[in-house]
Amino acid sequence: MRVLRRGDGGPAVAEVRATLTALGLLPPVIGTTDAGLFDQPMEHAVRSFQQQRGLITDGLVGPATYRALRDATHQLGGRPLAFMVSAPISGDDVLTLQERLLELGYDAGRPNGLFGAQTEAALRNFQRDYGLTVDGICGPETVRALRQLSPRARGGRPVLLREQERVRKAGPRLRGKRIVIDPGHGGADTGLSVGGVNESDLMWDLATRLEGRMVATGMESLLSRGPDQCPTDEERATFANEAGADLVLSLHTDSNASPHAQGVASFHFGTGNGSTSTLGEAMAGLIQRELAMRTGLKDCGSHPKTWDILRLTRCPAVRIEIGYLTNADDRARLSDPGFRDVVAEGILVAVKRLYLLGENDQPTGSFTFADVLAHELAKAE
């Protein structure tokens, strides 16, 4: 679909406007004159919706925003839900189903609004336990049962203990962990390009430096693309899922209309209403602290988002925006291979900290690559 923006008109704009009105973000249009016009109030409504949904708040209706608008129109019970391998069902009704199953004690996985195999397995277990037809389809009978039952627990993060237990069982050693490193853009898509410096080239170089360090520790490190390839975010997430990755690290740089904007930020899956990837959030925080401490880049914090690379991966995923190419100081530092070595070491140390679970840890910024290797060798003996 084409990207819709202020000033556009037509049936596609009218459809988006009707959805925003149904969601209570726009007042009903009186008459038909303005129904198909993308005006300033509609842009503000789009921005509000994007902010609520953890999307880039740019006021544009592109594929991600349109998908989220479409998902928001579905409520549990409005349609049957089932696992479709070729075209998985997504929507707020799926999200509600996942959250309800989790409250009742069934492991539906991360509540991301996507009906996958884990959601189906949890649904079948629920149907079996409560004497329903075990077909993996959430139809009227199952919806009635879900609404009648009281949850075993309310509040908190139902996925938290399961995720922490998986990390604990994985052990503190990095050997055997499978990490997908996802250098942004690639091929004909150079990403940001400022002063002859291309984002795709910088991130490919950083990815290979990080890959080398991870391999040295015994980790299995996989790159999501080659130097001349640019998969979609959905394809990158599928690659990670099929590889059985333990973590996904997506590498990018940022830009801003102001040349004064600078710093490092990290992002994990989160809807903004409490649903989050607990390990992704922890990993983002660890990376953020390490990079801010080691590089001196401005700490722009870690934030929840629903971008596809974060939402569609079954394992925890973190996207890191390392510096602003539109800032002269950040661009100069990113162009320095030695600086990229510092960044690679900081990311590796953050991954190690995740698996240490706070045991035998050291202050932020003080753990070195040599320390990581020594810890791995000590554990191996």
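This is a predicted model: local features need pLDDT of at least 70, side-chain atom pairs count only at pLDDT 80 or more; totals for chains, interfaces and linings use all residues.
Buried residues make up 49% of the 381 residues. A compact globule with 381 residues would have a radius of gyration near 21 Å, and the 22 Å of the chain agrees with this, while the C-alpha trace spans about 65 × 55 × 35 Å along its principal axes. Among contacts between residues at least 6 apart in sequence, 67% join residues at least 24 apart.

The chain holds 14 helices and eight strands, and six strands form an open sheet of mixed pairing, in the order β4-β1-β5-β8-β6-β7. Because β4 (220-223) and β7 (299-305) stand at the edges with a single partner strand each, one side of each is left without a neighbour in the sheet. On average, and with direction ignored, neighbouring strands of this sheet are turned by 20 degrees against each other.

Within the sheet, β1 and β5 (residues 247-254) run parallel and are joined by five bridges, with P183 standing opposite L251 in β5. Helix α10 (residues 278-295) packs on the sheet, where it touches β5, β6 (264-269), β7 and β8 (317-324), and its direction makes about 175 degrees with that of β6. Helix α13 (residues 337-356) also packs on the sheet, touching β5 and β8, and its direction makes about 145 degrees with that of β5.

The loop between β1 (178-183) and β2 (193-194) contains H185. Most residues other than glycine have a negative phi. H185, although not a glycine, has a positive phi of about 60 degrees.

Key. Residues are numbered from 1 along each chain as its sequence is written. Side-chain values use heavy atoms; hydrogens and water are left out. Helices (H or I, at least four residues) and strands (E, at least two) are DSSP runs, numbered from the N terminus. Two strands pair if DSSP finds at least two bridges between them. Axes are lines fitted to C-alpha atoms, for helices over the stretch in contact, and angles run from 0 to 180 degrees between N-to-C directions. Contact means heavy atoms within 4.5 Å. The radius of gyration is taken over C-alpha atoms; the globule rule is 2.2 Å times the number of residues to the power 0.38. Buried means under 20% relative accessible area, exposed over 50%, partly exposed in between (1.4 Å probe, protein chains only).
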